[in-house]
Amino acid sequence: MQERYDLIVIGSGPGGYVAAIKAAKMGMKTAIVENREIGGTCLNRGCIPTKTLMYSSHLYAKAKELHELGINYTGLSYDLNKIQDRKDQVVDKIRQGTKSLLESNGVTIMQGRATIMDTHRIRIQNQEEVRFVDTDKVLIASGSKPILPGIEGITSKNVITSDELLSQRDQLYSSLIIIGGGVIGIELATYYLDMGSKVEIIEAMDRILPNMEREVSQSIAMNLKKKGASIHTKAKVVKISESLDNTLICEYEEKNGLKSTFAEGILVAVGRQANTEGLFGPDFQLAMEGAHIKVNEKFQTSEANIYAIGDVIKGRQLAHVASAQGIAAVELMNNQSPSIHLDIIPSCIYTSPEVAVVGMQEEEAKANGLAIKVGKYPMLGNSKTILSTGERGFVKVISDAETGRIIGATLFCERATDMVGELTIAIAKGLTYHDTASVIRPHPTYEEAITEAVEDIEGMAIHLMPRKR
Ligand code: FAD
Ligand code: NAI
């Protein structure tokens, strides 16, 4: 008998696997098709391997300062193989966990490349076989892949993307040029700098992290420079070539003309594009929005029974966004309203200190002419930061001047990524800064800075010098 499912999910990244489990929980007979490893980009080539490597490199960098805490050691060193082994073990453990969750929820896992032949028929090909499966609905969660710009010499050996950098087992370049000062560029620059390599960043815009507010991107640039990085902005790479000793020579245009620099490796991190490779059969096509699959507000493509979510559609390329969209799409296909606020998106950068942003940023609010009140607390006054030798930073909260409701926050401090959830709830639930200040936060914690920042909106922060009147 022909196999038939209520839902076939294509891709098992954070969008696809979460949607598949949600669908199974809602009673849909569900299968998920994956042509690589379960877990997608995030688990295998993205969020998890970067943060695992950065955990090691951060501790290695911090260990160099231990004598300041009265802890003495000799002969600090690292073992790259062990660091890589641990990263692989972490990824493997989470992958096994994800697989078990899919199986125990009754989701059928199919290994192979999925091609949509028509609205209800999927072809699945792997090394052993080609099979056809029928389905009522399809959810495309095929993710994204790195963009390779058309620079001369871009295919040279040791010119790599994050995919290769994260899978290298025994290679750590002593010098690395990074083309693109976005999130990947900055996180991997931090990893390389903490491990002791020389890093040079070449960014096309007038500052690194151009999507962040200026204060944050300038502070991160300053911290990277303190660690030894060189940063070139408004710069354009025109040519890459290899010298006889395998060094890469990178020629770029900057304000003062053509320059060149060299390194053992070049990381290309200039963004990611939707992945629709091999997705559509010869007689099938969906409406596109540039390289992305076009969807309506219910995540339906130009075919009503085919949905798309995550990096393959236009929008923020974040794991938690893909997961939230996956849940919402499954709810919508079951005629339920989405249970998650899809428009309030926290985003994080795992530098030291960390950055977490949610809602409206101050610059953006001012540029839009919104009447706002801002409260800000510098972390140098926060006890937990002082006792744990934390870095400079701040917590900033933006509220609507008329209603007092919190509309945005920027956290630039230790554990910012773990704290931003509290402000996300505040925005989603329409809480005012009085509401946010009205709970007791434990002492000593980084979170106390949130109390101080919201109190500062009316100049009432206890642990802040009074504002000049
Ligand atoms: P993906 O995770 O890309 O998964 C898509 C899956 O579909 C892949 O496994 C692919 O093999 C499979 N597939 C594609 N086509 C087919 C087909 N035809 N048949 C079968 N299978 C198919 N986001 C964060 O939120 N936090 C982070 O810290 C973070 N760090 C990152 C670090 C790096 C280096 C990178 C590259 C990305 C990072 N991201 C991070 C972004 C995050 O990884 C993506 O936003 C997220 O993985 C997108 O999820 P997705 O489910 O849409 O697609
Ligand atoms: P990005 O869009 O964040 O940054 C790309 C950078 O490259 C931009 O600053 C851009 O101005 C610059 N650029 C583009 N073309 C260039 C060129 N030819 N020369 C020099 N600079 C150029 O993309 P990135 O860093 O590749 O990351 C992709 C996505 O992955 C991010 O948008 C993010 O959503 C996700 N991600 C999230 C992380 C997190 O949440 N912590 C970590 C890493 C990635």
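Let us start with ligand 2: among the 21 residues around it, E187, E203, G271, Q317 and C348 come nearest, where a residue counts as near if one of its heavy atoms lies within 4 Å. The structure is a predicted model, in which local features need pLDDT of at least 70, side-chain atom pairs count only at pLDDT 80 or more, and totals for chains, interfaces and linings use all residues. Residues are numbered from 1 along each chain as its sequence is written, chains are lettered from A and ligands numbered from 1 in the order in which they are written, and side-chain values use heavy atoms, leaving out hydrogens and water.

The shell around ligand 2 is made up of 12 nonpolar, 5 polar and 4 charged residues. Here Ala, Val, Leu, Ile, Met, Phe, Trp, Tyr, Cys and Pro count as nonpolar, Asp, Glu, Lys and Arg as charged, and the others, Gly among them, as polar. Helix α6 (residues 183–194) gives the most to this shell, with 3 residues; helices are DSSP runs (H or I, at least four residues), numbered from the N terminus.

| Ligand atom | Residue (polar backbone atom) | Distance |
|---|---|---|
| Ligand 2, oxygen | V183 | 3.3 Å |
| Ligand 2, oxygen | I184 | 2.9 Å |
| Ligand 2, oxygen | G271 | 2.9 Å |
| Ligand 1, oxygen | C42 | 3.3 Å |
| Ligand 1, nitrogen | C47 | 3.5 Å |

The protein covers 94% of the 1000 Å² of accessible area that ligand 1 has on its own, with areas taken from the Shrake-Rupley method with a 1.4 Å probe.

How is the chain divided? It falls into domain 1 (4–146 + 273–333), domain 2 (159–270) and domain 3 (353–456), with bounds from an automatic or database domain assignment.

The centres of domain 1 and domain 2, taken over C-alpha atoms, are 27 Å apart. In all, 21 residues of domain 1 are in contact with 15 residues of domain 2, contact meaning heavy atoms within 4.5 Å.

Notes
Polar contact = N/O pair within 3.5 Å; in protein donor to acceptor, adjacent residues only side chain to side chain. Helix = DSSP H or I, 4+ residues; strand = E, 2+ residues; numbered from the N terminus.
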